[in-house]
Amino acid sequence: MSRKTLLARALASLAVALLLASCGGDTDSHASAASGSGMPPASALPDCGSIAAATNGFVDGWSLSERSGPMRSDDDDNYGVECTWISPRARSNNPAEMIQAASFGVMISVQSYTLTEPEVRSIGWVVDDPAVEDAGAFLVFPSGRLDFDKTLRVVGPQVVKDKVTVSLAQTGVMVVNEIDEGQPMTNRRAVDTALAVHRLIRW
């Protein structure tokens, strides 16, 4: 497989993360994948309530988007769960407050064509992280450089294990950083949250 093809596939995966704050999922689920394929069945994936708990209080008081939940495509080898939360300021009657609203999303994507670590490493997008490696996974971020102390943005880290990718993204970050809606979701916290979500999957 050429580097150009690998990059195109990696960008396609990243584009999924970019849709977290704006796209909801279909409520249909998929049948179980073949045993040993690295693809847990749709029934093994956690719901948004369990994922919220894995954020360690980050989304407490936030509203879950009505479009959140199981997602599917026309491809039986591509399914998952998408959850998006909207910050309390979105419910304000004050326009000045509403425009400062934040959104936070977590997506679990199960795809048979998920790139392997060597494939992603060949395009320079793997970030070495002991916590992720200890979990038998690998960490993906464009350019392969991730400042763990910086705030999570609309393009966030992805933690990949077998055929399962957990992606996180956030918009409207000034609210979370500068006002009163919880501790900032740093990239470090985002990666740790992704690992916690992986542990919720019932393999």
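The link of Cys48 and Cys83 is left-handed, with -90° about the S-S bond, in a structure that is a predicted model. The sulfur atoms of Cys48 and Cys83 lie 2.1 Å apart and form a disulfide, the term being applied to a pair of cysteine sulfur atoms within 2.5 Å; by this rule the count comes to one disulfide. The pair links distant parts of the chain, 35 residues apart, with Cys48 in helix H2 and Cys83 in strand S3, where helices (H or I, at least four residues) and strands (E, at least two) are DSSP runs numbered from the N terminus. Cys48 counts as buried at 10% relative accessibility, and Cys83 is buried as well, with a relative accessible area of 0%; buried here means under 20% relative accessible area, exposed over 50%, and partly exposed in between, with a 1.4 Å probe and protein chains only.

Residues are numbered from 1 along each chain as its sequence is written, and side-chain values use heavy atoms, with hydrogens and water left out. Local features need pLDDT of at least 70 and side-chain atom pairs count only at pLDDT 80 or more, whereas totals for chains, interfaces and linings use all residues.

The protein chain contains seven helices and eight strands, and of its 203 residues 45% count as buried. Among contacts (heavy atoms within 4.5 Å) between residues at least 6 apart in sequence, 66% join residues at least 24 apart. The accessible surface of the protein chain comes to about 9700 Å², of which 51% belongs to carbon and sulfur atoms; accessible areas come from the Shrake-Rupley method with a 1.4 Å probe, and for residues only the protein chains shown count as cover.

The mean pLDDT of the protein chain, pLDDT being the predictor's confidence in each residue from 0 to 100, is 80, and 70% of the residues reach 70 or more. Over residues 2–35 the pLDDT is below 50, although this stretch has 68 contacts in the model beyond near neighbours in sequence. The pLDDT also stays under 50 over residues 175–180, for which the model has 21 contacts beyond four places in sequence.

Helix H7 covers residues 187–200, and its 14 residues should span 20 Å at 1.5 Å a residue, which agrees with the 20 Å between its end C-alpha atoms; the expected span is taken as 1.5 Å times one less than the number of residues. Because 10 of its 14 residues are buried, H7 is largely enclosed by the rest of the structure. The buried residues of H7 are Asn187, Arg189, Ala190, Val191, Thr193, Ala194, Leu195, Ala196, Val197 and His198. Their cover includes helices H2 (48–54) and H5 (130–134) together with strands S4 (103–111), S6 (138–140), S7 (158–161) and S8 (164–171).

In soluble globular proteins, nonpolar side chains tend to be buried together. A nonpolar core is defined here as a set of buried Ala, Val, Leu, Ile, Met, Phe, Trp, Tyr and Cys residues joined through side-chain atoms within 4.5 Å. The largest such core has 39 residues, and those with the most contacts inside it are Trp85 and Phe104. Two or more residues are given to this core by each of H2, strand S3 (78–86), S4, S8 and H7, and its largest share, six residues, comes from H7. Apart from it lies another core of eight residues, among them Ile123, Trp125, Val126 and Val160. When residues up to four places away in sequence are not counted, Phe104 touches Thr55, Phe58, Val59, Trp62, Cys83, Thr84, Trp85, Leu152, Leu168, Ala169, Gln170 and Met185.

Asp162 is placed in the loop between S7 and S8 and counts as partly exposed at 46% relative accessibility. Leaving aside neighbours within four places in sequence, Asp162 is in contact with Gly38, Thr114 and Trp203. The C-alpha atoms of Asp162 and Gln111 are separated by 9.5 Å, with the two residues 51 residues apart along the chain.
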